[in-house]
Amino acid sequence: MMQTFWASILVFGLLIIFHELGHFIAAKRVGIKVHEFSVGFGPKLLSIPRGETAYNLRLFPLGGFVRMAGMDPAEEVEDEEKSYKNKTVGQRAAVIAAGPLMNFLLAALLLMVIFMVHGFPTPTTTIGKLVPGQPAENAGLKPGDRIIAINDQPVTRWEDITSLVNAHPGQPITVTVLRDGGKEKFKLVTAVNAEGRGMIGIYPRQEMRPLGPFAALYRGMEYTVRLSGLILEFVGRMIVGQAPAEVGGPVRIVQEIHTAVQLGFFYLLQLAAFLSINLGLFNLLPIPALDGSRLLFLALEGLRGRPVDPTKENFVHLVGFGLLLLLIMVITYKDILGLL
């Protein structure tokens, strides 16, 4: 249980710190004074003042915030040039959007570490699975056969195999494989797919191969974009009733962290990356109190040429925050019932 506790602190801490760090860095870049950088809500446990900013650790680690000069309409700002409300719409939008964007960056970096150390799933020239009734199975090829040549042309990568097979639609080819230490040749006629390319009905065996830093970062960013798309697709299906409405709160997340801890460190990193993407997407939703709602108000200001009344906007965010807390309580209650 202690492993789960510390792992939960690590995961929640990473997600919160990166998110708030995005707001903080962007605010500093555009010249906004930051009064407070806080991890958690509630009473202060630790406060470290540095320059014009106090860095605080608070009791409840389920969020955080960056308190900037001028965000509260009732605040009297000494230096108006460093006030949030006196920055351009574009600058304020950049500050708000930087939080969710940092969550996507965190996900990409975590995946990068996994791909560099644990490896990236890479197709090999060994057959992993056969498609029933397709040419490869009919010719006698088997899972575990390692293809070393197509039409006597040596192949060393899965891409070599697909290139040569695709180039011979509906034509006879010879596939040379290594099986039980010896070479065997199989003659077959390729099938033709919908794009008019040759196919023989095999899937490659995958193996984990460590990537270099740049390749790992590229794959990390690619997977972050792909996972974001899959999550949005699932949410869309959930909204229209084509998928079950499965929503989890802090208790559910801790439960998933416990499972990941049992499976190993890289599974924990993978879960943290997935949660970071979820947090980034969730915060971009146009729900009051979230970054997406603040961006919506800024978009309205840009269209109208004048800001929405700050008092009314803050009231909307306050009500939204209360409703979000209520939703979290309901989801948490449901998660606890599920555990019992």
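## Terms and model

Helices (H or I, at least four residues) and strands (E, at least two) are DSSP runs, numbered from the N terminus. This is a predicted model, in which local features need pLDDT of at least 70 and side-chain atom pairs count only at pLDDT 80 or more, while totals for chains, interfaces and linings use all residues. Residues are numbered from 1 along each chain as its sequence is written, and side-chain values use heavy atoms, with hydrogens and water left out.

## Annotated regions

UniProt, in an unreviewed entry, lists residues 127-155 as "domain: PDZ"; its positions follow the numbering used here, feature names are shortened, and annotations may be inferred rather than shown by experiment. That span is 17% helix and 38% strand, and its end C-alpha atoms lie 13 Å apart.

The unreviewed UniProt entry also gives "transmembrane region" for residues 6-26, 93-117, 265-285 and 314-333. Residues 93-117 are 100% helix and 0% strand, with end C-alpha atoms 36 Å apart, whereas residues 265-285 are 90% helix and 0% strand, with end C-alpha atoms 31 Å apart.

## The second largest pocket

A pocket here is an open set of points on a 1 Å grid over the protein atoms alone, where a 1.4 Å probe fits, with protein on both sides within 12 Å along at least five of seven lines; lining residues have an atom within 4 Å of a point. The second largest pocket is lined by 16 residues, and Tyr-84, Lys-85, Arg-92, Pro-310 and Glu-313 lie nearest its centre. Two or more lining residues come from each of α2 (89-118), α8 (291-304) and α9 (310-339), and α8 provides the largest share, four residues.
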